[in-house]
Amino acid sequence: MTIKNAVQIVVRAFEGKVIHQNVDKIKTVLDGVTTGKLLVQPLPTKIQKYTVNRSPHVNKKSREQFETRTYRHKLTQHVHTPEEGTAVLQTLQANEFYGVELSLKILYPSYSFHPDELTKPRADQ
């Protein structure tokens, strides 16, 4: 498997509808910027539960439970040149996405040889 140039965007929100609206907006924004394909992967929902005593003095067994859900999606935009990657980042910065948190990561190959060369025995041995 070869590593290609890509921009990875992780979108987080506390509401499912908000995250779907913003992912659709990101898709439409990035359609005009790059020619590479956009992959959308829903990630597992993170659930945190909290338990609080209602009355700490009299009723010790009386408790109340709360939870927060964090919905996440990972978008991977494949780019062919570094200029396309910077165009994607500038386009995302120019737009406003309400109710979500965006994490951006740039993926690129960091080696100058083919990965199959790692498993082949060297000729001088």
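This is a predicted model: local features need pLDDT of at least 70, side-chain atom pairs count only at pLDDT 80 or more; totals for chains, interfaces and linings use all residues.
The protein chain contains two helices and four strands. Along the sequence these elements follow the pattern β-α-β-β-α-β. Of the 125 residues in the protein chain, 24% count as buried. The accessible surface of the protein chain comes to about 9500 Å², and 52% of this belongs to carbon and sulfur atoms. Among contacts between residues at least 6 apart in sequence, 75% join residues at least 24 apart.

The four strands form an open sheet in the order S2-S3-S1-S4, with antiparallel pairing. Strand S2 (38–53) and strand S4 (101–107) are the edge strands, each of which pairs on one side only. From one strand to the next, the twist averages 15°. Strand S1 (residues 6–13) and S4 run antiparallel and are joined by seven bridges. Within this pairing, Val7 has Ile106 of S4 as its bridge partner. Helix H1 (residues 16–31) packs on the sheet and touches S1, S2, S3 and S4. The direction of helix H1 makes about 10° with that of S3. Helix H2 (residues 82–94) lies across S1, S3 and S4, and runs at about 25° to S1.

Strand S3 (residues 63–78) includes His73. With a relative accessible area of 11%, His73 is buried, because the limit for a buried residue is under 20%. Residues up to four places away in sequence aside, His73 touches Ile9, Val10, Val11, Ile19, His20, Val23, Val40, Gln41, Pro42 and Leu43. Thr70 also lies in strand S3 and is buried, at a relative accessible area of 18%. With the same exclusion of residues up to four places away in sequence, the contacts of Thr70 are Arg12, Ala13, Phe14, Pro44, Thr45 and Lys46. Phe66, likewise placed in strand S3, is partly exposed, with a relative accessible area of 44%. Together with Tyr50 and Val52, Phe66 forms a nonpolar patch on the surface, and the accessible area of these residues together is about 280 Å².

Side chains of opposite charge can pair when their charged atoms come close. A search of the whole structure finds three salt bridges. In one of these, the side chains of Glu101 and Arg12 meet at 3.1 Å, N to O. This pair links distant parts of the chain, with Glu101 in strand S4 and Arg12 in strand S1, 89 residues apart. Glu101 counts as partly exposed at 42% relative accessibility, and Arg12 counts as partly exposed at 30%.

A salt bridge is also formed by the side chains of Arg54 and Glu64, at 3.7 Å, N to O. Arg54 lies in the loop between S2 and S3, whereas Glu64 is in strand S3, so the pair ties together parts that are ten residues apart in sequence. Arg54 counts as exposed, at 57% relative accessibility, while Glu64 is partly exposed, with a relative accessible area of 33%.

Glu67 forms a salt bridge with Arg69, and the closest N and O atoms are 2.9 Å apart. Glu67 has a relative accessible area of 40% and is partly exposed. Arg69 counts as partly exposed at 34% relative accessibility.

Notes
Residues are numbered from 1 along each chain as its sequence is written. Side-chain values use heavy atoms; hydrogens and water are left out. Buried means under 20% relative accessible area, exposed over 50%, partly exposed in between (1.4 Å probe, protein chains only). Contact means heavy atoms within 4.5 Å. Two strands pair if DSSP finds at least two bridges between them. Axes are lines fitted to C-alpha atoms, for helices over the stretch in contact, and angles run from 0 to 180 degrees between N-to-C directions. Accessible areas come from the Shrake-Rupley method with a 1.4 Å probe; for residues, only the protein chains shown count as cover. Patches are made of residues with over 30% relative accessible area and no salt bridge: like charges are joined within 9 Å, nonpolar side chains (Val, Leu, Ile, Met, Phe, Trp, Tyr) within 5 Å. A salt bridge is a side-chain nitrogen of Lys or Arg within 4 Å of a carboxyl oxygen of Asp or Glu.
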